[in-house]
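Q: Please show me how to read a protein structure one feature at a time, giving the general idea before the case at hand.

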Amino acid sequence: MMEELNKQRMHKLSLSNRRTCNICGVSDVLSFDVSEILLETEQGMLMIKGSDLHVNRLTLEKGEIDVEGKVDSLTYSETAGFSKQGESLLGKLFK
């Protein structure tokens with residue numbers, strides 16, 4: 001049990017003035033453009049919506065990402081069961 005906790009990275013999100021977002025505990029970046037960024041984190045899927053969004057720094061080895069732009073929403077969803085039923089992850093998120 002203790003080994004599982006050590007393997008999982010701590011997830012931390014810091015948002016300043018809805019313009020600068022620093023996130024730790026990111027395992028993958030699934031998609032991004034100027035209006036939406038979709039991340040896989042230690043705590044589930046994280047969708048960042050806004051405008052003029054840019055990824056300034058991405059270090060997947062450390063699980064860190066820095067995002068700039070106007071953030072309108074941060075939405076979490078669970079990762080369990082996405083690939084088990086044969087439907088794509090994006091298909092499930094946008095139903």
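This is a predicted model: local features need pLDDT of at least 70, side-chain atom pairs count only at pLDDT 80 or more; totals for chains, interfaces and linings use all residues.

Q: In which strand is Asp66 found, and which residues is Asp66 in contact with, leaving aside its neighbours within four places in sequence?

A: Asp66 is part of strand S6, and a contact means heavy atoms within 4.5 Å. Once the neighbours within four places in sequence are left aside, Asp66 is in contact with Cys21, Asn22, His54, Val55, Asn56 and Arg57.

Q: With which residue does Asp66 form a salt bridge?

A: The general idea is that side chains of opposite charge can pair when their charged atoms come close. A salt bridge here is a side-chain nitrogen of Lys or Arg within 4 Å of a carboxyl oxygen of Asp or Glu. The partner of Asp66 is Arg57, the closest N and O atoms being 2.9 Å apart, and Arg57 counts as partly exposed at 34% relative accessibility. Arg57 also meets the side chain of Glu64 in a salt bridge (2.9 Å, N to O).

Q: How many salt bridges are found in the whole structure, and which residues are linked in a network of them?

A: The search finds four salt bridges, and the residues linked in a network are Arg18, Lys70 and Asp72. Between Asp72 and Lys70, the closest N and O atoms are 3.0 Å apart. Asp72 is partly exposed at 44% relative accessibility, Lys70 is partly exposed at 35%, and Arg18 is partly exposed too, with a relative accessible area of 42%.

Q: How many helices and strands are in the chain, and in what order do the strands form a sheet?

A: Helices (H or I, at least four residues) and strands (E, at least two) are DSSP runs, numbered from the N terminus. The chain has two helices and six strands, which follow the pattern α-β-β-β-β-β-β-α along the sequence. In general, strands of a sheet pair through backbone hydrogen bonds, either parallel or antiparallel, and two strands are said to pair if DSSP finds at least two bridges between them. In this model the six strands form an open sheet in the order S1-S2-S6-S5-S4-S3, with antiparallel pairing. S1 and S3 are the edge strands, each pairing on one side only. S2 and S6 pair in the antiparallel sense over five bridges, and Asn22 stands opposite Asp66 in S6.

Q: Which residues make up the largest nonpolar core?

A: In soluble globular proteins, nonpolar side chains tend to be buried together. A nonpolar core is a set of buried Ala, Val, Leu, Ile, Met, Phe, Trp, Tyr and Cys residues joined through side-chain atoms within 4.5 Å. The largest one has twelve residues: Cys21, Ile23, Val26, Val29, Ile37, Leu39, Leu46, Ile48, Leu53, Ile65, Val67 and Val71. The elements that give two or more residues to this core are S2, strand S3 (26-32), strand S4 (36-41), strand S5 (44-59) and strand S6 (64-77). Not counting residues up to four places away in sequence, Leu53 touches several residues, including Ile37, Ile48, Val67 and Val71. Over the whole chain, buried residues make up 28% of the 95 residues.

Q: Where is Asn17 found, and is Asn17 buried or exposed?

A: Asn17 lies in the loop between strand S1 (12-16) and strand S2 (20-24), and Asn17 is exposed, with a relative accessible area of 73%. Phi of Asn17 is near 55 degrees, a positive value in a residue other than glycine. Arg18 is in the loop between S1 and S2, and phi of Arg18 is near 55 degrees, again a positive value in a residue other than glycine.

Conventions: Residues are numbered from 1 along each chain as its sequence is written. Side-chain values use heavy atoms; hydrogens and water are left out. Buried means under 20% relative accessible area, exposed over 50%, partly exposed in between (1.4 Å probe, protein chains only).
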